[in-house]
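Biologist: I'd like to learn how to read a model like this one. Could we go through it feature by feature, with the general idea and then the case at hand?

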Amino acid sequence: MNCMDKGPSNHHKERRLSSRSNSGESDDIIETARIPTSTGRRKRNTSVSEPISVIQTTKRAIYTAGRPPWYNEQGEQKEAFIIGLSGGSASGKTTVAEKIIQALDFPWVVLLSMDSFYKVLTPEQHEIAEQNEYDFDHIDAFDFDLCCETLGNLKQGKKVEIPMYDFTTHARKKNTKTLYGANVVIFEGIMSFVKPELREILDMKVFVDADSDERLARRLRRDITQRGRNLQGVLHQYHKFVKPAFEQFIEPTIQYADIVVPRGGSNEVAIDLIAQHVHTQLEIRNLNFRSQLANAHIGQPLPSTLHVLDNTPQVQGIHTILRDQSTSRDDFVFYSKRLMRLLFEFALSFLPHSDHKVETPQDKVYDGRKFSGTGLCGMSILRAGETMEPALFSVTKDIRLGKILIQTNLETNEPELHYIRVPRKIHEDHVILMDATVATGAAAMMAIRVLLDHDVKEENILLVSLLMAETGVHSVAYAFPRVQIITTAVDKQLDSNYHIIPGLGNFGDRYFGTE
Ligand SMILES: Nc1ncnc2c1ncn2[C@@H]1O[C@H](COP(=O)(O)OP(=O)(O)O)[C@@H](O)[C@H]1O
Ligand SMILES: Nc1ccn([C@@H]2O[C@H](COP(=O)(O)O)[C@@H](O)[C@H]2O)c(=O)n1
């Protein structure tokens, strides 16, 4: 882990994180750091500051540093809190944003710059830009539609792809940056308050004010040292475009600000006030999730989306072995694998199928059925869900796999999201979500919420588990009524530690021999 990252606390149940990837994609990952705590300022030359939070990456693996639930027991998102920062060029917007992040001292905060949404230039426009004759300070220079859509999705907790802007080439970089899981987004840009549809997304609007001479002096220094410009070019661009645009578009938007911050990043009092307000907003949204779930649905009938494998003598026999505390680890692994294969064969029947005729070797027509979905993915909830992957492979061909690491914080009893690796284009597919056991349903709900945030359709999710508690079934079905829940048995109770009763013990410990 990066040295800035405090890493998961030792209050967590330890779980093994496998480096094996079945997705067929490269397993290289970026670990990004938490909020920087030093006062030293980093140079910014891209449109998403990095590394600010643990929720941004350019690769397929996303580390989220133990994010607690960001949704309520109905599975609904708690919206991210969006702070908009406006002000003239080089007024100190980025500096203020970074100071707010330091003052917040809170993870899952991301800084997003409006530079990301500069329109892509035509070759002719690019040539003009090279001569400092392109007007980057006009509202038409920005793609407001993409900006609103992206910021709106981020507010809704969705995963988004952010274009990366390079001031030295006046162009977007080839790679985008993935952002997922922000609780607070700081959005800064000269035109942040210009459009009403953008203002509407902002929960708090801050205008950073600085003397115009100071702005020019800072811009000269910055553009020459960081943006590949020369003195003459910067002065020309400033007088022709930047100064008039400030007067025409930016300065008038001060009227929309909730707070005006004179002296920018030097204004510690204003920064502390902003941080305090955000803290209050986040506290209002906090939940003690797992204990709420455990008591939420006592006595309710089981939902129609629950499908339990027939309790044949064969299934009951396997359960008897698995639940027996004296069963050896070898037998536990062997019989759980048998049960998993039966479970997956059963689960596959809940995927969409359509009529499909084939000709038999006798030249006769057979009226058959065929999987009619676009594709199939498996997602395992680490670590116990990972034990189910070989059984899934044994009954499905060409399935792509992803993983989610969720741990229980033993102090708060809340599930916390640490790691996600999602197969490409998962939103088009049916997804088999695997966990060996489901007790309160808190981890399963978090995993489902992650899938929804990646645009998987709720009705395309199958939660497949060897053993569930009634509470877990109810929690999942109440929050996500279109998810199919498929298991081999449902036990009635949870004990005070949220363990399934009678249950089969800690599945992962028994399977991996880590008791
Ligand atoms: N209070 C300040 N004192 C001195 N330099 C500053 C101050 N605030 C910002 N700067 C410098 O001015 C330049 C522009 O600041 P920045 O925060 O990037 O402005 P903006 O995001 O509004 O363009 C940067 O090089 C930054 O280091
Ligand atoms: N290719 C570009 C794009 C934008 N600019 C200037 O950037 C300013 C906005 O960024 P701040 O960090 O200063 O807020 C804006 O005034 C544009 O003139 C540019 O020079 N080249």
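Biologist: Which strands does helix H13 lie across?

Modeller: A word on the terms: helices (H or I, at least four residues) and strands (E, at least two) are DSSP runs, numbered from the N terminus. Two residues are in contact if their C-beta atoms, placed from the backbone, lie within 7 Å. Axes are lines fitted to C-alpha atoms, for helices over the stretch in contact, and angles run from 0 to 180 degrees between N-to-C directions. Here, H13 (residues 470–479) lies across E17, E19 and E21, and runs at about 80° to E19. This is a predicted model, where local features need pLDDT of at least 70 and side-chain atom pairs count only at pLDDT 80 or more, while totals for chains, interfaces and linings use all residues. Residues are numbered from 1 along each chain as its sequence is written, with chains lettered from A and ligands numbered from 1 in the order in which they are written.

Biologist: In what order do the three strands of that open sheet come?

Modeller: Strands of a sheet pair through backbone hydrogen bonds, either parallel or antiparallel. Two strands count as paired if DSSP finds at least two bridges between them. In this case the order is E17-E19-E21, and the pairing is parallel. E17 (437–438) and E21 (490–491) are at the edges with a single partner strand each, so one side of each has no neighbour in the sheet. E17 and E19 (residues 467–469) are joined by two bridges, and Val438 stands opposite Met468 in E19.

Biologist: What order does the open sheet of five strands have?

Modeller: Its order is E4-E7-E3-E8-E9, again with parallel pairing. The edges are E4 (109–113) and E9 (259–262); each has a single partner strand, so one side of each is left without a neighbour in the sheet. Neighbouring strands are turned by 20° against each other on average, direction ignored.

Biologist: And which helix packs on that sheet?

Modeller: That is H1 (residues 93–104), which touches E3, E4, E7, E8 (204–209) and E9. The direction of H1 makes about 165° with that of E7.

Biologist: Now the ligands. How many residues surround ligand 1?

Modeller: A residue is near a molecule if its C-beta atom, placed from the backbone, lies within 6 Å of it. For ligand 1 there are 15, the closest being Gly92, Lys93, Thr94, Thr95 and Arg218. The elements giving two or more residues are H1 and H5 (212–226); H1 gives the most, with three. As for classes, Ala, Val, Leu, Ile, Met, Phe, Trp, Tyr, Cys and Pro count as nonpolar, Asp, Glu, Lys and Arg as charged, and the others, Gly among them, as polar. This shell has one nonpolar, nine polar and five charged residues.

Biologist: How far apart are the centres of domain 1 and domain 2?

Modeller: Domain bounds come from an automatic or database domain assignment, here domain 1 (56–64 + 75–286) and domain 2 (290–512). Taken over C-alpha atoms, their centres are 42 Å apart. Ten residues from domain 1 and eleven residues from domain 2 take part in the contact. On the domain 1 side, four are nonpolar, three polar and three charged.

Biologist: Which peptide bonds are cis?

Modeller: One joins Leu382 and Arg383, with omega about 5°. Arg383 is in the loop between E13 (376–382) and H11 (389–395). Another runs from Ile501 to Pro502, with omega near 0°, and Pro502 is in the loop between E23 (500–501) and H14 (507–512).
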